Amino acid sequence: MIEVNKLTMAYGNNPVLHDVNVHVNTKEVVVIIGPSGSGKSTLLRCLNGLEKPQSGDVRIDGQSLSNPTVPMPAIRANIGMVFQQFNLFPHMSVIDNIMLAQVQVRKQSKEAARAIALELLKKVGLTDKAEFRPFSLSGGQAQRVAIARALAMQPSIMLFDEPTSALDPEMVGEVLTVMKQLASEGMTMVVVTHEMGFAREIGDRVLFMEQGVVIEEGTPEQLFDNPMHDRTKSFLSKVL
């Protein structure tokens, strides 16, 4: 589903990614961990074309994002992304936030979009918040709405960029529960997170990044219980 080959990225003279190679299979959950500034979020943004690398290639379902003939809007419409911040439109109700892209991009009728939005609100446990404005929601509720909004586009891939990092500890669990449900349903997912227990529980593979390089990867059992690289061991000793 996702293939990254020799990806190199820099902001000016500041290198961020170095010759990164990653693959993600259909229905696989790949979790990326590592210290802040290691390039995890930049890699995620390269996967849906929000960042353009200096060299290397990203292929989504066989289509190269570096090919100028590839229809990027269609690619992006098939990739849901949930950021640290919720980015909900404050002047719109919860259900209108979820309906908007369906109507504008997918060209759904408002009736069909509303039916999908209500079903997704049920999925994330927020049916009773449909007509509320985002400012009246808790952080955990807002992030669940953001997930519902991404799912409304019926993506084949979901990208999560530290979706719980801006939440109070009490609200983290309700977001992770929704993500666990998606994983159990076979959604292809790439997740950047600092939640090690979550990474161990739902990840099919875990990647550890440091200074723009994938230092080590393996199953959760391999990486958490028997890391091979000294830097991975050092990092995990501080966060577990």
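Which residue takes a positive phi in the hairpin of β1 and β2? Select Gly12: in this hairpin, which has two residues between the strands, Gly12 has a positive phi near 65°.

Before you go on, some ground rules. You're looking at a predicted model, where local features need pLDDT of at least 70, side-chain atom pairs count only at pLDDT 80 or more, and totals for chains, interfaces and linings use all residues. Residues are numbered from 1 along each chain as its sequence is written, and side-chain values use heavy atoms, with hydrogens and water left out.

**Stop 1: the hairpin**

Color strand β1 (residues 2-11) and strand β2 (residues 14-24); they run antiparallel and are joined by seven bridges. Helices (H or I, at least four residues) and strands (E, at least two) are DSSP runs, numbered from the N terminus. Two strands pair if DSSP finds at least two bridges between them. Now click Met9: its bridge partner in β2 is Leu17.

**Stop 2: the sheet**

Next, show the six strands of the open sheet, in the order β6-β7-β8-β3-β9-β10, with mixed pairing. At the edges sit β6 and β10 (213-218), each pairing on one side only. From one strand to the next, the twist averages 15°. Zoom in on β9 (residues 205-210), which pairs with β10 in the antiparallel sense over five bridges. There, Met209 has Val214 in β10 as its bridge partner.

**Stop 3: two rings**

Show the side chains of Phe208 and Phe235. Their ring centres are 5.1 Å apart and their planes are at 40°, so the pair is tilted. (Rings of Phe, Tyr and Trp, taking its six-membered ring, pair if their centres lie within 6.5 Å; planes under 30 degrees apart count as stacked, over 60 as edge-to-face and the rest as tilted.) Phe208 is in strand β9 and Phe235 in helix α9, so the pair ties together parts that are 27 residues apart in sequence.

**Stop 4: the spaces**

What lines the largest cavity? Select Ile2, Val4, Val22, Val24, Ile32, Leu43, Leu47 and Val190. The cavity has a volume of about 40 Å³, and its lining has eight nonpolar residues, no polar and no charged. (Ala, Val, Leu, Ile, Met, Phe, Trp, Tyr, Cys and Pro count as nonpolar, Asp, Glu, Lys and Arg as charged, and the others, Gly among them, as polar.)

On a 1 Å grid over the protein atoms alone, a cavity is a set of points where a 1.4 Å probe fits but cannot get out, while a pocket is an open set with protein on both sides within 12 Å along at least five of seven lines; lining residues have an atom within 4 Å of a point. Grid points are joined across faces, edges and corners, and a volume is the space filled by probe spheres set on the points.

Finally, visit the largest pocket, with about 530 Å³ of space. Of its 22 lining residues, Met81, Ala101, Arg149, Ala150 and Met153 lie nearest its centre.

Conventions: Axes fitted to C-alpha atoms, helices over the stretch in contact; angles between N-to-C directions.
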